[in-house]
Amino acid sequence: MKMIFKIARTELRNLFYSPVAWFLTIAFMVQCGIYYTYALYPVAKWQEVLQQNTPKFKDFGLSMTNGIFLAPDGIFSNVLQNLYLFVPLLTMGLISREINNGTIKLLYSSPVKVREIVLGKYLAIMTYNLLLVGVVGVFIVTGLINIRHADYGVLLSAALGFYLLVCAYTAIGLFMSSLTTYQIVSAIGSFILIFVLSRIGGLWQKYDFIRDLTYFLSLSGRTTKMLRGLITTKDLVYFIVIVYMFVGFTLIKLKAGRESKPWYVKASRYALIALTTLIVGYFTSRPGYIGYWDTTATKSNTLHANTQEIIRDMKGEPLEVTLYCNLFGGGVGRGLPENRNDYLWTLWEPYLRFKPDVKFNYVYYYDVADNDSTLYKTWVGKSAKEIAEKMCEGYDIKPSLFTPGPEVRKVIDLQPENYRLVMQLKYKGKTTFLRTFDDAAFWPEEQQVAAAFKRLLQPAMPKTVFLTGNLERDITKKGEREYFYHSLAKDNRYSLINLGFDSDTMSADTHDIPEDVTTLVLADPKTTLSATTMDRVSHYLHKGGNMLILGEPGKQQMLNPLLQGLGVHMLDGTLIELSKDEMPHMVKPFITREATDLSQEPILVLLKDGFKTGEEDNMPMLMPGVTGLTFTTDSGYTITPLLNTAAGKVWLKAGALVTDSVPPVYSPAEGDSQAPYYTTAVALSRKVNSKEQRIIVSADADFMSNLRQGGAFLSRSYYSWLDYGNFPIYTPRPKAQDTLLTVGTIGAGILKIVYVWVLPGLVLLTGTILLIRRKRK
């Protein structure tokens, strides 16, 4: 060990007695200074402007740590992106300089062992790497001072990722330096090898075993998790074995210069090192053998406690996930074998962390929906098999991978899933679908996955039944007034069906209301409810059933007989709110403080925090055509307003309302009236048979329609409250604390001068003096 340290000390001395290390250090300092201060200064400027001119300004609401250090234009992202430009210039002379100068022969003839030479030189370059980390550390410490409550865990994790990556790069550079006497060739070779390792993860991805090996060897994205504050043993082991492999290669290459061995003996040594690396890397990257450490303050890289609790209940049997990929369906490109690692590690890794016993199956097929001739009109004159063969030619994949649709139909009916890319989850004999979506995220998010998991655990799912028979809103139609999009739309990740609810329709004229109904929905009936329907709904309510009732102006008489028993009444007429932007019947009531307790919907959570701190008074909700609700306190229900109009700005127009003419005028003579404010939605609750009955009444039904999705979050909170919070599975994250800077414009400007000009200038001066004095000696 003494000899290793002695060689390392000598190599470090050689590094800093040459201008290369100094210039690289200075260039690195300038780069870090630019990316830090140029990200800091505009934020500090805006903070001063907002603090001086906006009394309500408290903070930016976003993590300043992420914004300054980890954003695409932040210091870590850019430093790591440009790191490969520095390292080859630093390592190109480590061994080649010795070979070119002939000093390697002196080392060979000395009692120094080859491994001591290699390890000493690598120890020296690892020490220099710590200097680079120290440069980054200067800005981390500055960030901890400049950002209030900075998330230091993320910064330390990112610094570790930076150090491991630069050590991997220098190990590659060390090996390339041992292959040639020309330093420039060594540098170019390092560039090429780093490029190959960065791209190898995309090679041969169609073949299972090879896919895993090339994906493991890939340098690309290895620091991504660490930059987000998640340290995994898989990534740590990867960097360790990469360093082991290239340092080992260097040792074998230098030993070969002292020995006369057959080529196959030398090749076997390289193969043994590579094979050891692949075996260790492969098995340490298998689910169940990976350790995780989330260093973020908000644990943003870890599944929410609600999801973890669900997964903890999934014990005793593995979860089986089958991916059905239709060559003719939506999302096929994301489901092909070459994208399987993205599917596994992007979508499933957070869940494999807590449930490693997941079995993944893949079914590739081609099929089209019955009576759908679109495909055949595009591919004129070709059969499904011929079309599949041509598409496989385009995807450069074997047609034998795909099974004809009729064979798959014998096992499972995927026509209700529109034959798009979908996953079927199976646990203890129960199955459910987990869908993909045509949006930016594509894969299901935690809320959808957690809901699917819980569906597998619960014996019965929340059942939402929509009444029919009186021209109510229809959950099977896609018209603008209907309710398909928020209930049964499988391509909407936030529809009820994708959040854990089962939805169905029934007519109370012909059927009794089932006992297992979670929520009964009566949405805007256009005709009078029959005596049979009234009796059955009243009986359902009398027994303590939960219900969502939605009405519209002009049809109050359809609901008021039912609402009378609840102590609620829909006023005759239409509410009017005049504004320069909206039509007069477009009223914007505000969410009340009590409404924020309905669920953990993210918007309501933020609004609740605003109510607590006095930062916000309310939040408007657009209701296109609404009337007011009145209620009494002697009905046996506790009634809570959920939406109230602005004080003094809304009045009730009697009679028919014309919206495509001049704005209506308030006229008491015509029956118009005005109250201080109007309530447009209420929640009712009472104790029935040791259970809390819950009812919501809304004087507007349009805000939940297919056309109006602005109220989607509010409708979800309604269904959640009526289901006692069982579904949806909310996964709210704590609010970031590092949302404000502690430095102003002047301070940020001074930092810009110091870090971009003064500090690098001092280092340049120090290096120049040292090199001149060295040259004189």
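The protein chain holds 26 helices and 21 strands, in a model that is predicted.

Colleague: What makes strand S11 count as covered on both faces?

Modeller: Strand S11 spans residues 547–550. Met547 and Ile549 lie on one side, Leu548 and Leu550 on the other, and all are buried. A residue is called buried when its relative accessible area is under 20%; both faces of S11 are therefore described as covered.

Colleague: How do you know that S10 and S11 are paired?

Modeller: Pairing requires at least two bridges between the strands. Strand S10, residues 519–523, is joined to S11 by 4 bridges, so the two strands pair. They run parallel, and Leu548 in S11 is the bridge partner of Val521.

Colleague: What makes S11 a partner of S21?

Modeller: Here, too, 4 bridges are found, between S11 and strand S21, residues 691–698. At least two are needed, so S11 and S21 pair. These strands run parallel, and Ile549 has Val697 in S21 as its bridge partner.

Colleague: Why is the unit of S10, helix H22 and S11 called right-handed?

Modeller: The three elements form a right-handed β-α-β unit, with H22 covering residues 531–542. The name applies because, with the strands pointing away from the viewer, the path from S10 over H22 to S11 runs clockwise.

Colleague: What share of the protein chain is buried?

Modeller: Buried residues account for 51% of the 777 residues.

Colleague: What share of the contacts with a separation of 6 or more joins residues 24 or more positions apart?

Modeller: Such residues account for 75% of these contacts in the protein chain.

Methods
Residues are numbered from 1 along each chain as its sequence is written. This is a predicted model: local features need pLDDT of at least 70, side-chain atom pairs count only at pLDDT 80 or more; totals for chains, interfaces and linings use all residues. Side-chain values use heavy atoms; hydrogens and water are left out. Buried means under 20% relative accessible area, exposed over 50%, partly exposed in between (1.4 Å probe, protein chains only). Contact means heavy atoms within 4.5 Å.
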